[in-house]
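Colleague: Please bring up the sequence and the model, and I'll ask my questions as we go.

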Amino acid sequence: MINRVTQLLNIEYPIIQGGMAWVATYELAAAVSEAGGLGIIAAGNGSGEYLREQIKRIREKTDKPFGVNIMLMSPNAEDIVDIVCDERVPVVTTGAGNPGKYIERFKSLGIKVIPVVPTVSLAQRLEKLGADALIVEGTEAGGHIGELTTMAIIPQVVDAVKIPVIAAGGIGDSRGLVAAFALGAEGVQVGTRFVCSTEANVHENYKNEIIKAGDRDAVVTGRSTGHPVRVLKNKFVREYSNIEKTQGPEALEGMGTGRLKMAVVDGDVENGSVMAGQIAGLVCDIKSCKEIISEMFNGTSNVIEKISLLKGVEVNE
Ligand code: TUI
């Protein structure tokens, strides 16, 4: 399959793996890249040394292209940018902020830049500054989120920019893939579905929480702090939400620190933060990254056949 996204990234299928902190290690990223997508190592809140080691390991495992996600709210973001440049990582995705001031430096080194954006205005600003493509993420996604839904924001950004748009948020199977392309996207970013892959180095308790989740279990916390985060309901979410309601956002300061690692690495899914998107209710098994990708792309003809009655519909006036 050839389009602007596969050509830009030198990959077989226009699918990027989400840059999920603690989850997106070199093991998952290598598996996604080997399967023909673009695997992403999440720098998260980690140190520069951690990232160097991850880059070294993915290069030992695959010679396919990969990327690094820079979480711009991280206190280490500047160091991470230096390492990405020093290592000449092929692709950078960014999240949780505006990467404008770094774009020129990445581009001068031949590093492709794909920022995650939640709005039309940021999309237009970053196109002007030289972004190669945009990941436009709807509020259905897990983790730190914007307000607009994938269905509403994708076509608005597609109409506002010329560079390729990659849709994210709520995409986990062939139907989501076809829907994203129907909205004008030329690629998809998938997160939650890849957490439940055999290759994701994630505690089995975390994977099981996603498998068990129903349609209303992925809820938004911390709206009052200005940094809303989508997570699966648990004891921590109940305590956090109670404090948010009764004492206000100031009382939440520091309460989230270390919680994601607690869930992903230690498997404490009651006291930790189990970030996942609204698609969690749709994920009910663990598959290899290769199976996930091939089922998504092989399933598109069936979906397109089902919607083909829309072709040539005429409404008499
Ligand atoms: O970044 C994400 N998802 C994340 S980051 C993360 S780590 C974290 N943990 C606790 C609290 C907060 C963060 C967990 N999940 N997705 C990409 C994304 N980026 N979603 C929304 C945005 C975004 C928001 C505002 C991108 C740019 C932006 O710009 C604001 C500005 O400065 O113009």
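Colleague: What relative accessible area does Glu239 have?

Modeller: Glu239 has a relative accessible area of 36%, which means that this residue counts as partly exposed; buried is under 20%, exposed is over 50%, and partly exposed lies in between, with a 1.4 Å probe and protein chains only. Please keep in mind that this is a predicted model, in which local features need pLDDT of at least 70 and side-chain atom pairs count only at pLDDT 80 or more, while totals for chains, interfaces and linings use all residues. Residues are numbered from 1 along each chain as its sequence is written, and side-chain values use heavy atoms, with hydrogens and water left out.

Colleague: And where is Glu239 placed?

Modeller: Glu239 sits in helix 11, residues 235-247, where helices are DSSP runs of H or I with at least four residues, strands are runs of E with at least two, and both are numbered from the N terminus. Its C-alpha atom is separated by 9.5 Å from that of Asn271, a residue 32 positions away along the chain.

Colleague: Which loop holds Lys233?

Modeller: Lys233 belongs to the loop between strand 11 (229-232) and helix 11, and with a relative accessible area of 46% this lysine is partly exposed. From Lys233 to Val81 there are 152 residues along the chain and 34 Å between the C-alpha atoms.

Colleague: What about His203, how many residues apart in sequence are His203 and Val264?

Modeller: They are 61 residues apart in sequence, yet 5.5 Å apart in space from C-alpha to C-alpha. His203 lies in the loop between helix 9 (192-195) and helix 10 (204-212), and its relative accessibility of 26% makes it partly exposed.

Colleague: Now the ligand, please. How many residues surround the ligand?

Modeller: There are 14 of them, and the closest are Ala96, Gly97, Val116, Glu137 and His144; a residue is near a molecule if one of its heavy atoms lies within 4 Å of it. The shell divides into 8 nonpolar, 5 polar and 1 charged residues, with Ala, Val, Leu, Ile, Met, Phe, Trp, Tyr, Cys and Pro counted as nonpolar, Asp, Glu, Lys and Arg as charged, and the others, Gly among them, as polar.

Colleague: Which polar side-chain atom lies 3.2 Å from a nitrogen atom of the ligand?

Modeller: That one belongs to Glu137, while a polar backbone atom of Ala96 is 3.0 Å from a nitrogen atom of the ligand, and a backbone N or O atom of His144 lies 2.9 Å from a ligand nitrogen. The protein covers 71% of the 720 Å² of accessible area that the ligand has on its own, with areas from the Shrake-Rupley method.

Colleague: And the inside of the protein: which residues touch the most other members of the largest nonpolar core?

Modeller: Val84, Phe106 and Leu134 do, out of the 75 residues in that core, which is a set of buried Ala, Val, Leu, Ile, Met, Phe, Trp, Tyr and Cys residues joined through side-chain atoms within 4.5 Å. Helix 2 (residues 26-34) gives the largest share, 6 residues, and at least three residues come from each of domain 1 (4-201 + 284-306) and domain 2 (204-278), whose bounds come from an automatic or database domain assignment.

Colleague: Last one: what is the phi of Asn10?

Modeller: Asn10 has a positive phi of about 60° although it is not a glycine; most residues other than glycine have a negative phi. Asn10 lies in the loop between helix 1 (4-9) and strand 1 (15-17) and is exposed, at 60% relative accessible area. Arg88 also has a positive phi, of about 50°, and this arginine lies in the loop between helix 4 (77-86) and strand 4 (91-95).

Definitions and conventions
Polar contact = N/O pair within 3.5 Å; in protein donor to acceptor, adjacent residues only side chain to side chain. Areas by Shrake-Rupley, 256 points an atom, 1.4 Å probe, with all protein chains shown as cover.
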